Amino acid sequence: MQKYLILPYKGPSIPIGLNEPLFVSLFKTDSEIAYKQMHRMKVQRISKGGSEYIFSDDKVGLAVGVKGSKYNSGADIVRKVRQFGFTNIVLVKSEFDVKETSEVISGLVQANYRYKQLGIQSQKQKEDDEHQGIFNLVSHIHVPEDLYQEPQFQEAIKLASYKLYARDLANSRTAPEYFIEEVRELAENNKKIQIKFIEGEDLKHQNLNLFYGVGKGSIHKPVLINLTYRGNSDSDKITALVGKGITFDTGGLHLKGYGNMEKMYLDKSGACNVLATFKAAVEMNLKINITATLGFAENAISNTAYKPGDIIRSLSGLTVEINNTDAEGRLVLADCLTWTQNLYKPSAIIETSTLTGACAAALGDNTGGLMSNDKKLANEIVELGDQLQEPFCQLPVTQEHFDMMKGDFSDLCNVGKGKVCGAQKAAAFLMNFVEKNTPFAHLDIAGPMESKADKNTNPLGATGFVLCLGDSYSLFEGELYWNSYPMLLQQKLRKENPQSSVEILAQSGFTTGEMLEIFRSYLFQESYDRVYVLIGVNNQYRGQSQEIYEQEFTEIIQIANRLSKDVVVISIPDWSYTPFAQEKRTQEERNQITQQITQFNRINQKLAPGKYIDISRLFPIASQEDYAKDGLHYSKQMHQKWVDML
């Protein structure tokens, strides 16, 4: 069996500044390879099992024994990395499969978050710290090329980024009108989105009286926001997401006490998470039809606020007696549910809200409550939650709970009889507003809406708990044509010799000097029949002199020669030198780039005589008009020519 090794070139990175990078290796607990790696790094201590962190004297390597939750292991890694002041992480090796490694990186991204509104002086200090390398949130993560190309990895990272978006929305101290502008901006940037607003008195005019009643005591007008995306033209079915968005909850005339009101800006978390889920579905081009209805209001005190004892007719026609003004979220949701069903006739409804303290008391801070009228839908949500480390516990909703919500002077009351089973009573109330035979799931995230400490994947503040995309979670469409050369080479080698072993060590965005750091921290355990060194044209021109470039390139070739008697060096022209990035370049600028490529090739031919393949002729500097004719086809052709030449 032939063994090949593909060494790094300038490739992709996750855009989440570059300082000295920290090289990270992920090992299974009690891995023999881990101990060899640690010994080679001359570590001060070796710990067995668990998530133990081993640093060499110069603090450039981190070997992690991963045990238990992969998400939490990633979170632990980023905290340790930040503790030592690094902002640039390089994943060198992982003993885990794509799914598990993706979960580690996802956990790292989720934990690499901090929300803080700064004053002018503090903002200036933050910028100074960033400039001096003191500010230590991780800014770049570099991963192996083959991992980066995996759709499952792309999905995991994208969902992690949307979770951070949900946190930003929930942590913000904002009023309902803020979200009007947020949604308008989202729709302006994506023409696939249709939006609708019902604001202030218009809610009352359209008979959304429960919704209007909750928000009428505030100077900030309540608003219903609806977003719709149709990504599956082959189906008429549409799934509805509904979210509670109480931007601040004083409790109304049943005023909350000290210790219970301060964090009530988080009472909009349900709507914020739904908006993030919708944004994810649209921007990931999921093949689904989805509509999201968000109910934003501020539950405030004034002479116009709704009162205990009020009887209000809902949009559905059912009347509701107000027993407690601090049970306002279910009122907003009731009208949102009816409005959504009247307009869209959804095939299923998933509603998310920070609805009851009773649910948090029953399930704690890490588990959401799930109440549903459909077993299949409930099981899908539980399964998805387990995949994403967002666990749900299903609670029963029985006829007893429906009976407890009947009113003495109206069809329903908003709190119900007795001081027990508050979570199920609230769910039963909402189910009165769901049409018969419509699958419905109520997700109560009152407990996990907030992290009270920097723990696991959640820093202090809003968590972004529950990004529920249902069956569409695994759907990711689109191809990456740029930065795919190592994968193309690997496929070619395996096609020519199916029994061959092809190992890729292809990292992201590096100069030749950064490549050397990878080699020095990586444990090569065997020799190879052939070693391919892929090197980007632009490496020479990233802030280093020609003399330094030649020294570093020479050492790279020396390392490759020690690994194999057969070394091939192949140039990968940087994407900025291709027609993709040439649209605004003048002819003079294009001529300069051509000269740079020519000089680059001459240097490499001199330093690697007989080993260097010059492929720059495959990349003519085309004009904007040439590329505009069929840019995607041009990219595919370019890659195919590169493979054929090999």
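1. Two strands are taken to pair if DSSP finds at least two bridges between them. On that basis, this predicted model contains an open sheet of eight strands, ordered S8-S9-S11-S10-S14-S18-S15-S16, with mixed pairing.

2. The edges of the sheet are strand S8 (193-199) and strand S16 (392-394). Each has a single partner strand, so one side of each is left without a neighbour in the sheet. Direction ignored, neighbouring strands of the sheet are turned by 20 degrees against each other on average.

3. Within the sheet, strand S10 (residues 239-249) and strand S11 (residues 289-299) run parallel and are joined by 10 bridges.

4. The largest nonpolar core has 52 residues. Those with the most contacts inside this core are Ile225, Leu227, Leu275, Phe278, Leu294, Ile381 and Phe392. Two or more residues come from each of helix H6 (151-171), helix H7 (176-188), S9, H10, S11, helix H13 (375-387) and strand S18 (440-444).

5. Another core, of 43 residues, lies apart from the largest one. Its members include Ala297, Ile322, Leu355 and Ala427.

Key: Residues numbered from 1 in each chain as written. Predicted model: local features only at pLDDT ≥ 70, side-chain atom pairs only at ≥ 80, totals over all residues. Heavy atoms only, no water. Helix = DSSP H or I, 4+ residues; strand = E, 2+ residues; numbered from the N terminus. Axes fitted to C-alpha atoms, helices over the stretch in contact; angles between N-to-C directions. Core = buried A, V, L, I, M, F, W, Y, C linked by side-chain atoms within 4.5 Å. Buried < 20%, exposed > 50% of the residue type's maximum accessible area, 1.4 Å probe, protein only.
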